[in-house]
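Trainee: Could you walk me through how to read salt bridges and their surroundings in a model?

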Amino acid sequence: MKLPAHGRYDYVPITRRPVYDWPEGKRLALAFVNNIEHFAFGTGLGSDSTGAPAAQSQRNYAWRDYGNRVGLWYYLDLLDEFGLPGAHNVNSAVLEYCPDIVERLNGRGDEYVGHGRTNSERQDLLWEEDEARLIAECTEVVTRLSGKKPEGWLGPYLAQSGVTLDLLKEAAYRYCMDWALDDQPVWMRTRAGPILSVPYPIEVNDSPALVFRRHTGRQFAEMITDQFDEMLEQSRKYPLVMTVALHPFIIGQPFRLRAFRGALRHIMARREELWITTPGEIARYCATLPQGTVPGSVE
């Protein structure tokens, strides 16, 4: 039986890969990646606080807009408090709608990751020409307002068409985070050459965990600490990437932020053992490793 296949990467179990170190001999890379999104009012796509499908209304629009008005600022203050670098998956529309966000992120030197024009749309439903235009429009706005071209991409809703990876590579993107296939970076094939897949979680992600599966803030904090403790132990054998995915309209609610603060304290007690970084830094480091080190680097 021959099943449909993607052809983007080969199966290589983690036990059969070369072992390498992150900078300064560290074995666990840690990145906090926040999503900053803007939505159409009363139409298009967008999640609801109940976790169930719901018509777009002033209620769920306002719930999401809380993140840009309040929750993001709480979150950025928390990063400042712990001295953590930030990476943000940004809808280009939010940067034009909320210029204060651009000023704060630029002042922190945070990384911008392309995240489409708006989370009111999905790119996997578009014709190739229209998807290429979406990527180009997002890239132009982020570059113009941040002063630096984004190197990485996460599609709205982690959605990809059959040609997304090809279009991203052709648009000079170095990495993507839409494939939750591994705890290590993996080179993926495109028609224009390889692009790196940097680990990004579906599980340790506040949107599916807190909104759709209805976990509490305390349970999500336990997920983060358990993920961290186990990955730190596993990293004695393998170099690993732990990414935590966040949304300011979710984690930025004060009662959840309080629990998240506790998880950060737990992690920071082991700070000297970690490479605390961003997805872009991970991608740049992987590009320096010898051929054959990262899966997919030798064809």
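Predicted model: local features only at pLDDT ≥ 70, side-chain atom pairs only at ≥ 80, totals over all residues.

Trainee: Which side chain meets glutamate 203 in a salt bridge?

Mentor: The general idea is to look for a side-chain nitrogen of Lys or Arg within 4 Å of a carboxyl oxygen of Asp or Glu. Here arginine 213 pairs with glutamate 203, at 3.5 Å from N to O. Arginine 213 sits in the loop between α6 and α7, and glutamate 203 in the loop between β7 and α6, so the bridge ties together parts ten residues apart in sequence. Arginine 213 is partly exposed, at 36% relative accessibility.

Trainee: How many salt bridges does the count give?

Mentor: The count comes to 25. One of them joins aspartate 80 to arginine 108, with the closest N and O atoms 2.3 Å apart. Aspartate 80 belongs to helix α1 (residues 58-82) and arginine 108 to helix α3 (residues 99-108), so this pair links parts that are 28 residues apart in sequence.

Trainee: What about aspartate 110: is it buried or exposed?

Mentor: Aspartate 110 is buried, with a relative accessible area of 9%, whereas aspartate 80 is partly exposed at 40%. Arginine 108 also forms a salt bridge with aspartate 110, where the closest N and O atoms are 2.8 Å apart.

Trainee: Which residues are linked in a network of salt bridges?

Mentor: Asp77, Asp80, Arg104, Arg108 and Asp110 are linked in such a network.

Note on methods
Residues numbered from 1 in each chain as written. Heavy atoms only, no water. Helix = DSSP H or I, 4+ residues; strand = E, 2+ residues; numbered from the N terminus. Buried < 20%, exposed > 50% of the residue type's maximum accessible area, 1.4 Å probe, protein only.
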